[in-house]
Amino acid sequence: METAITAVAGELLSRFISFTINKYCSSNGCLEEKGERLQRLLTRVHTVVEEADARHIANSGMLMQLKILSEVMYQGYLALDTLRFQLHEESSMDKVSDSFISISSANRLKRRRTFLAPVNKGKNRYLEVNGALENLEKVVSDIAEFVVLLGGCERLSRRPYDAYLYIGNFMFGRHTEKQKLLNFLLQHNPDGAPAVLPIVGGLAVGKKTLVAHVCADERIRSQFPSILHLNGDNFLSIVDHEKAILGMSTLLVVEFVSDVDDMEWKEFYSFVRRTNRRSKVVIISKLERLARFGSVRPIFLNALPYEELWYLFKVLAFGSADPAEHPRLVHIAEGFAKELHQGGSLIAANALADVLRRNLDAEIWLCILNRCNKVIEKNLLAYGQHPKLLMEQGHEVDMTDFAFSPVSPLRIMPCTSSSSATYAPVKELPQMTIGELLLDPSVRPKGQFNLLSWESRLPPYTSFIHFVPNCNEDNPEGTYLSRKKRRGMAL
């Protein structure tokens, strides 16, 4: 009997000690200390990743390690932001009783928080921070050898716009993909025939941006005096201009939106091989079956992982403002990032962030987030598909709730870019931006108009424009679907 009592007492004491330790480790003081450690480790890893991005890395093992470093880094930033917001919330709860104004403001935000997902609390939050810390400590412990090897890699020439290019022209991340494309272009053709590299990825994931970024490197421009950009509609027309590139090392970038007949490709490749065996071909497409034309393993560009997209969107949305000073806005921005990750694009991320950056106000951000979610829900109910899928399939998208104008329907057509469209927007129609429509729907033109979702701030200043039909007119089904577009945007 005494033995049983002793065993029970020992078990209770063990549980009490475990509870006490967990309570201490979950306290704000302990978490704040972990947050500081997390920040220090992130600074070290970010420094190495940034330096690696400025080097030419040909070693496949180093590229794999760079990929792991970047993934762990973005996961760490997400955990740090979640931790900071939670600590801010707990601190605010302690002070809320001291101010009626704070209570009123909190109630207003609470009523508007329909689409915000709850943040991790308690044990989940502790595990998330602990996991991020462990991952960072592990990669930092193995980072010394990588840094030493990195010092032996050739430094890439920095262009004056590079720091801004990562954000303003969508060139963000893709560290290993940039290195793989650079290696392909700088290597000699192994079998004496023009090498072919397919780059395959979904809509608006940055395929052309990746190629444009690498092709701007001085060594690429010196190795290929001629860089030609073709598409599936005209790529065979180059056969008629053999004298222009005969004997010249040429890089041919061909974009395909549909499959290509094998005989047509054979004719094109034979021409390239005949003009210069040192030439190279890069295929850009969203169709995986076009990878059959490649002579090397394709580069597959997928949508950015959530942690990476979140980091990008936060930088875009806050601009020069310090996110640490706006913890409530950081939490709302996470709501945008989650929707963009599910069905948005980098174009949508830039368009939304441009509006948010000009208005660092929680009420405005929540209003826009709720309207974006209503648009998604309405199209899912009406058509059974996410707006992005509707765009990719060439269908119009109902954006009435987005413009906050239920009396006058707003339906937009798939987006076209000024650099790759099969048709040009109607120049005679009035034009407005997404930001103007969001902030003041009353400025919407009557009848048909062009809606500018985003315009790149760097050359070639690509514009992404939607055609908005007059929905008050009776139009036969499919009237606005007759023209094939290449790009789409979902909000």
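User: How far apart are the closest N and O atoms in the salt bridge between Arg155 and Glu51?

Analyst: Arg155 and Glu51 form a salt bridge, a term for a side-chain nitrogen of Lys or Arg within 4 Å of a carboxyl oxygen of Asp or Glu. The pair links distant parts of the chain, with Arg155 in strand E2 (residues 154-155) and Glu51 in helix H2 (residues 28-53), 104 residues apart; helices (H or I, at least four residues) and strands (E, at least two) are DSSP runs, numbered from the N terminus. The closest N and O atoms of Arg155 and Glu51 are apart by 2.4 Å.

User: On what kind of model do these values rest, and from which number are residues counted along each chain?

Analyst: This is a predicted model, in which local features need pLDDT of at least 70 and side-chain atom pairs count only at pLDDT 80 or more, while totals for chains, interfaces and linings use all residues. Side-chain values use heavy atoms, with hydrogens and water left out, and residues are numbered along each chain, as its sequence is written, from 1.

User: Are Lys314 and Asp81, which meet in a salt bridge, buried or exposed?

Analyst: The side chains of Lys314 and Asp81 meet at 2.8 Å, N to O. Lys314 lies in helix H13 and Asp81 in helix H3 (residues 60-95), so the pair ties together parts that are 233 residues apart in sequence. Relative accessible area decides the class: under 20% is buried, over 50% exposed, and in between partly exposed (1.4 Å probe, protein chains only). Because Lys314 has 9% and Asp81 has 6%, both residues count as buried.

User: Which residues are linked with Asp259 in a network of salt bridges?

Analyst: Arg289 forms a salt bridge with Asp259, the closest N and O atoms being 3.2 Å apart. Arg289 is in the loop between strand E6 (280-285) and strand E7 (299-301), whereas Asp259 is in the loop between strand E5 (250-256) and helix H12 (262-275). The network that holds Asp259 also includes Asp262, Arg289 and Arg292.

User: How many disulfides does the count give?

Analyst: A disulfide is a pair of cysteine sulfur atoms within 2.5 Å. The sulfur of Cys372 is 9.5 Å from the closest cysteine sulfur, in Cys367, and therefore too far for a bond. By this rule the number of disulfides comes to zero.

User: Which helix supplies the largest share of the lining of the second largest pocket?

Analyst: On a 1 Å grid over the protein atoms alone, a pocket is an open set of points where a 1.4 Å probe fits, with protein on both sides within 12 Å along at least five of seven lines, and lining residues have an atom within 4 Å of a point. The second largest pocket is lined by 32 residues, of which Thr176, Glu177, Lys180, Ile299 and Phe300 lie nearest its centre. The largest share of this lining, seven residues, comes from H8.
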